[in-house]
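Here are my notes on the model, as numbered points. Please read them with the structure open.

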Amino acid sequence: MRFAVLGPLEVIADDGRAVRVPELKVRALLACLLAGDGQVVAADRLIGNLWGPEPPGNPLGALRAKASQLRRALDEAEPGARELIVTRSPGYLVDGDTDARRFREAAGRAGASRDPRERAALLAEALSWWRGPAFAGFPGEPLVRGAAARLEEQRLTALEDYADVRLALGQDSSQIGELAELAAQHPTRERFHGLLMRALYRSGRQAEALEVYRSLRERVRDELGLDPGPELAALHQAILEQSPGLRRPAVVPAPAPARLPEPLTELVGRDEALDELAALPPTTRLVTLIGTAGVGKSRLALAAAHRLAGDFPGGAYLVELSSVTAGPDVAETIATTLGVRDDGGAGAAPGMTGDGEADGTTRGVISGGAGATVPGVPGGMGESIAAVFGDRRALLVLDNCEHVVEAVAELVERLLRGGSGLCVIATSREPLGVTGEVVREVPPLDVWAAMRLFAARAADAQPGFALTAADADAAEVICRRLDGIPLALELAAARTRSLGVAALAARLDDRFRLLSAGRRAGPAHQRTLRAALDWSWELLTEPERVVLRRLAVHVGGCTLEAAERVCAVPLPIEGAPPVRGSDLAPDDVANLLARLVDRSLIVRSGDRYRLLESVAAYGLERLREAGEHDRVLSWYATYYTQLAECAESYRSGPARHRWIRRLDAEAANLRGALDAAMSLGDTRLTERFTASLGWYWVQAGRLAEEPGLRDLQAT
């Protein structure tokens with residue numbers, strides 16, 4: 001078990017699960033003990049921090065009770081973990097691994113190293129442990145405030161050292177934006193300003209470098225009545241004189257990247273999928289995980305990368321592509337990860353030294369970013385990236401590729417041809433279509449895994465939540481109606497705190513409004529259920545949108561024939577309303593259906609096509625927006641009326657049983673078609689439908705199951 005304080009306070013079990021520590025005072029006690037950094041924190045200091053000037057009647061007893069609660073929470077998550085909270089006179093200490101310790105160890109090793117490449121790698125590793133302000137969420141405890149301030153100072157020093165060593169390695173123009181932001185955030189911290197001045201000067205921006213010094217000098221004079229320090233003044237003079245010592249060094253290797261991001265929650269229901277990915281033959285070079293919106297492709301890809309990282313001494317890198325807006329930016333974003341610079345040359349791949357040997361760093365992360373084409377490198381940026389990898393055994397995870405799938409496919413094919421050691425895991429709504437690609441669909445969770453996920457996320461949102469027997473049926477309804485989609489289940493679970501399970505299940509007809517309070521972090525299209533489906537919708541062509549929204553009127557799926565007759569202009573159907581203007585022809589539908597299956601928006605099972613319930617609800621909304629709802633509903637009712645009339649003509653004879661099986665398969669659509677005809681007020685169509693299907697309902701013993709028919713008989 002380890003503890004994370006460089007950001008929001010977290011406790012992580014050895015298997016990667018997040019450990020929930022209940023009750024604010026107990027979490028505050030843990031924060032105070034971790035602020036002690038492995039040293040004993042006296043009981044009186046803990047009492048003062050937890051209760052301030054108004055301690056309870058028996059303060060030592062209250063403190064012991066909170067310590068006991070903390071031990072119990074840790075032990076329930078991981079047996080034996082209670083021993084990490086040690087009672088030692090005159091108080092308590094935490095005897096556990098922390099990200100703060102790992103940060104300081106890596107920074108200390110960097111300070112002792114004389115090799116700039118190794119220093120850059122170690123400082124990058126150190127800084128990668130930071131997720132936000134230290135001890136975020138506990139600003140009121142004086143003990144924690146002091147520890148957070150010390151850690152923040154150490155972080156800023158590490159940032160300065162990291163920028164300094166990168167300048168020593170020749171990376172200047174790529175740092176200007178970052179250094180400008182740091183200098184603005186810390187307006188009197190001279191070292192950031194000096195680093196920014198050096199980066200600007202080396203990038204040919206001498207006037208801007210001098211302006212940085214002038215602005216700082218005026219600020220410190222006005223606010224502190226002082227002049228900048230001698231080091232900064234000497235740098236200013238060297239820039240004025242264009243000193244040769246400020247020139248960029250000749251050798252420019254790239255620093256190592258940070259590690260893969262740690263998952264924040266347990267991965268539920270994907271053990272078999274993980275095992276399958278890990279068991280793929282070593283000759284597998286490209287695996288594409290496809291699936292519908294919110295099904296958990298990104299989460300599975302990250303888990304697979306963590307499991308496989310040890311097999312790739314050349315590094316494991318994650319590139320998040322959701323923020324990329326155009327195809328050319330794909331190569332530039334990956335190039336930034338690999339250290340292919342925008343100042344005239346390509347550095348070594350992160351985690352590799354300039355002579356092609358791995359430097360021991362095996363994991364990396366990049367989110368967004370952009371570079372520029374490297375002059376003088378044949379074949380452009382893609383060839384530069386391929387050259388950086390060479391034949392090194394490395395893993396590249398490309399997340400959210402669907403909106404730039406053609407550019408990703410072209411680049412991946414070039415990279416795989418450029419070296420024999422690179423392997424790629426991509427996530428997308430559709431396959432890349434590259435030779436040698438292994439496609440694995442990420443399916444929705446089965447109902448039992450979905451219920452486990454729902455219960456776990458509801459417990460995260462509502463401390464003390466447990467799925468009771470009374471709520472089990474409602475929870476199962478939620479999981480089935482949300483199709484086992486993890487994103488939808490997590491959003492629904494967050495609503496249990498305000499609604500409860502039963503009320504939530506009863507309101508799923510309005511799911512998009514109900515599940516609109518989404519995540520605040522992560523890609524925008526993964527924050528709400530509607531945003532996830534909007535993202536998929538925007539990537540479709542107009543003919544694909546037409547088929548998707550019209551297919552949504554079906555209940556329980558449909559055959560290809562039904563899709564052709566309902567999604568396109570049904571000219572052969574007698575009684576269909578006339579259509580003005582251009583529209584789809586029935587011959588177009590099969591190809592469009594195939595493309596929507598490829599894009600993970602339609603599920604094909606045997607000879608039937610269906611939409612997940614959330615996709616169908618979204619499609620119906622789009623159908624109404626397009627002003628087509630009643631027209632398509634009429635086509636739907638007309639088609640199934642004709643199907644019923646055809647079946648009636650075979651009610652006797654050798655084909656009878658085949659038609660009964662077909663009507664059995666379409667039972668949901670038959671009920672839906674009758675409801676549609678009645679809702680449209682089309683009495684003629686309703687009469688045709690009931691007259692042709694009455695024999696089947698009577699023979700199958702389903703007359704009592706057809707409320708629409710009973711209503712007609714009652715009138």
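1. Gln206 sits in helix α9, residues 206-224. Helices (H or I, at least four residues) and strands (E, at least two) are DSSP runs, numbered from the N terminus. This is a predicted model: local features need pLDDT of at least 70, side-chain atom pairs count only at pLDDT 80 or more, and totals for chains, interfaces and linings use all residues. Residues are numbered from 1 along each chain as its sequence is written, and side-chain values use heavy atoms, with hydrogens and water left out.

2. Is Gln206 buried or partly exposed? Its relative accessibility is 22%, so Gln206 counts as partly exposed. The cut-offs: buried is under 20% relative accessible area, exposed is over 50%, and partly exposed lies in between (1.4 Å probe, protein chains only).

3. Gln206 touches Leu200, Tyr201, Ile239, Leu240 and Gln242, leaving aside residues up to four places away in sequence. Contact means heavy atoms within 4.5 Å. Gln242 is 36 residues from Gln206 along the chain, and their C-alpha atoms are 8.9 Å apart.

4. The protein has 30 helices and 15 strands. Of its 715 residues, 51% are buried. Take the contacts between residues at least 6 apart in sequence: 73% of them join residues at least 24 apart.

5. The largest nonpolar core holds 111 residues. Such a core is a set of buried Ala, Val, Leu, Ile, Met, Phe, Trp, Tyr and Cys residues joined through side-chain atoms within 4.5 Å. Leu395, Phe454, Ile478, Leu548 and Tyr640 have the most contacts inside it. Helix α26 (residues 629-649) gives the most to this core, with ten residues. A second, separate core has 83 residues, including Val21, Leu123, Leu127 and Ala163.

6. Which residues does Tyr640 touch? Beyond four places away in sequence, they are His554, Cys558, Ala562, Glu666, Asn669, Leu670, Ala673 and Phe689.

7. α26 packs against helix α27 (residues 656-665) at about 155°, with the axes 10 Å apart. Axes are lines fitted to C-alpha atoms, for helices over the stretch in contact, and angles run from 0 to 180 degrees between N-to-C directions. The pair is therefore roughly antiparallel, a term for angles over 145 degrees. Tyr639, Leu643, Cys646 and Ala647 of α26 meet Trp659, Arg662 and Leu663 of α27.

8. In helix α21 (residues 529-538), Leu529, Ala532, Leu533, Trp535, Ser536 and Trp537 are buried. The buried residues of α21 pack against α18 (486-499), α20 (511-514), α22 (542-551) and α25 (613-625).

Technical notes: Angles under 35 degrees count as roughly parallel, over 145 as roughly antiparallel, 65 to 115 as roughly perpendicular and the rest as oblique.
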